[in-house]
Amino acid sequence: MLNNGPDECDKTVADKRPVNLDLGAMKWPLPAITSITHRISGVILVAGTAVLLWLLDESLTSEEAFNSLRSVLASSLIFKLIVWGVMSALIYHSVAGVKHLCMDLGYGESLEGGITAAKLIIAIAAVLIVLAGALIW
Amino acid sequence: MVTSVTNLGRSGLSDWMIQRITGVILLAYTLFIAAVLFIVAPEFAEWKALFGQTWVKVFSLAAVLSVAAHAWIGLWCVSTDYLVTHVLTIKLGPAAGAQANLLRWCFQAAGAIVLFTYVVWGIQILWS
């Protein structure tokens with residue numbers, strides 16, 4: 001009906017349109033999960049950079065510091081988990097980042113391509129993260 | 001076109017380009033360090049000598065500066081997507097939603113301080 005009053009018109013429109021985009025209420029297809037994980041791993045890496053800079057700083061300070069880093073990495077479970085965690089975030093973020101570069105070149109832009117790329121990201125990152133864990137332990 | 005006073009390149013297209021260039025630099029540096037650590041597996045003397053070379057210092061500085069630019073653009077994207085009025089109103093209520101601009105600004109300021117610290121720390125490590 002075209003000649004409704006402004007109040008009723010507002011109400012009708014408001015009832016039919018989403019007021020806000022609530023991401024939590026939406027479905028999460030695989031590419032959405034790999035995308036949010038890319039963001040989360042990126043934020044983790046902001047803190048992880050401090051760990052990497054500290055490791056570089058210590059390793060270049062002296063031979064004693066270099067060797068003590070090595071022995072701590074060989075013995076401390078917490079230290080291994082921190083290093084593995086930062087490496088995992090770096091690996092995942094890198095693999096998912098390469099997907100963006102591929103998409104910039106025109107690969108994987110379709111819906112099917114996006115789903116295939118998401119599966120590839122998970123598979124490649126999982127293999128590399130397990131490999132990194134194997135090298136640490 | 002994205003215009004904002006807090007994004008790195010003043011335009012979305014510029015941010016996109018910077019994000020790609022710094023991403024490729026960081027990928028190359030990650031592969032380089034991984035190859036050194038896992039293939040060469042250096043002792044202290046070799047490790048120290050490697051970082052004594054000018055090209056490694058320059059490559060490392062490029063990586064540190066890339067982290068700062070890349071992380072700034074990334075944190076800006078995340079904060080302007082989530083730390084905004086309508087998202088905080090849904091998640092935390094109208095009182096939080098009303099403070100969204102202040103919260104986002106504080107988040108970005110904290111990010112800027114951390115990333116600037118990384119740049120200074122990186123230069124100190126490489127040239128000390």
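Two residues are in contact here if their C-beta atoms, placed from the backbone, lie within 7 Å. With that in hand, let's walk through this predicted model.

Q: What share of the contacts in chain A with a separation of 6 or more comes from residues 24 or more positions apart?
A: Chain A has 5 helices and 0 strands, and along the sequence these follow the pattern α-α-α-α-α. Among contacts in chain A with a separation of 6 or more, the share from residues 24 or more positions apart is 71%.

Q: What percentage of chain A counts as buried?
A: A residue is buried if 20 or more other C-beta atoms lie within 10 Å of its own. Chain A has 137 residues, and the part of them that counts as buried is 17%.

Q: How far apart are the end C-alpha atoms of helix α2 of chain A?
A: Helix α2 of chain A covers residues 30-61, which is 32 residues. At 1.5 Å a residue, α2(A) should span 46 Å. The model agrees with this, because the end C-alpha atoms are apart by 44 Å.

Q: At which residue does α2(A) bend by about 40°?
A: Helix α2 of chain A runs over residues 30-61. Its bend of about 40° falls at A47(A).

Q: Which helices do the buried residues of α2(A) pack against?
A: The buried residues of this helix are T34(A), S41(A), G42(A), L45(A), V46(A), G48(A) and T49(A). Their partners come from both chains: α3 (54-82) and α6 (100-126) of chain B, together with α4 (77-104) and α5 (111-136) of chain A.

Q: Which residues of α4(A) make the contact with α2(A)?
A: The crossing of these two helices, α2(A) and α4(A), is left-handed. On the α2(A) side, the contact involves T34(A), T37(A), H38(A), S41(A), G42(A), I44(A), L45(A), G48(A), V51(A) and L52(A). Facing them from α4(A) are I82(A), V86(A), A89(A), L90(A), Y92(A), H93(A) and A96(A).

Q: How far apart are the end C-alpha atoms of α4(A)?
A: This helix has 28 residues, so at 1.5 Å a residue α4(A) should span 40 Å. The end C-alpha atoms agree with that, being apart by 40 Å.

Q: Which helices do the buried residues of α4(A) pack against?
A: The buried residues of α4(A) include V86(A), A89(A), L90(A), Y92(A), H93(A) and A96(A). The buried residues of this helix pack against α1 of chain B, along with two helices of chain A, α2 and α5.

Q: Which residues of α5(A) make the contact with α2(A)?
A: The axes of α2(A) and α5(A) come within 8 Å and cross at roughly 50°. That makes α2(A) oblique to α5(A), and the crossing is left-handed. L30(A), P31(A) and T34(A) of α2(A) make the contact with G114(A), I115(A), A118(A), K119(A), I121(A) and I122(A).

Q: Which residues of α6(B) make the contact with α2(A)?
A: The axes of α2(A) and α6(B) come within 10 Å and cross at roughly 15°. Angles under 35 degrees count as roughly parallel, so α2(A) and α6(B) are roughly parallel to each other. The crossing is left-handed. V46(A), T49(A), L53(A), L56(A), D57(A) and L60(A) of α2(A) make the contact with V114(B), Y118(B), W121(B), G122(B) and I125(B).

Q: Which residues is Q19(B) in contact with, leaving aside its neighbours within four places in sequence?
A: Q19(B) lies in helix α1 of chain B. Q19(B) is buried, because 21 other C-beta atoms lie within 10 Å. Leaving aside neighbours within four places in sequence, the contacts of Q19(B) are H70(B) and I73(B).

Q: Is A41(B) buried or exposed?
A: A41(B) lies in the loop between α1 and α2 (44-50) of chain B. Phi of A41(B) is near 45°, a positive value in a residue other than glycine. With 9 C-beta neighbours inside 10 Å, A41(B) counts as exposed.

Note on methods: Residues numbered from 1 in each chain as written. Chains lettered and ligands numbered in written order. Predicted model: local features only at pLDDT ≥ 70, side-chain atom pairs only at ≥ 80, totals over all residues. Helix = DSSP H or I, 4+ residues; strand = E, 2+ residues; numbered from the N terminus. Expected span 1.5 Å × (residues − 1). Bend = angle between axes of the 7 residues up to and from the residue. Buried ≥ 20, exposed ≤ 12 C-beta atoms within 10 Å, placed from the backbone. Left-handed = near helix turned anticlockwise from the far one by under 90°. Axes fitted to C-alpha atoms, helices over the stretch in contact; angles between N-to-C directions. Parallel < 35°, antiparallel > 145°, perpendicular 65-115°, else oblique.
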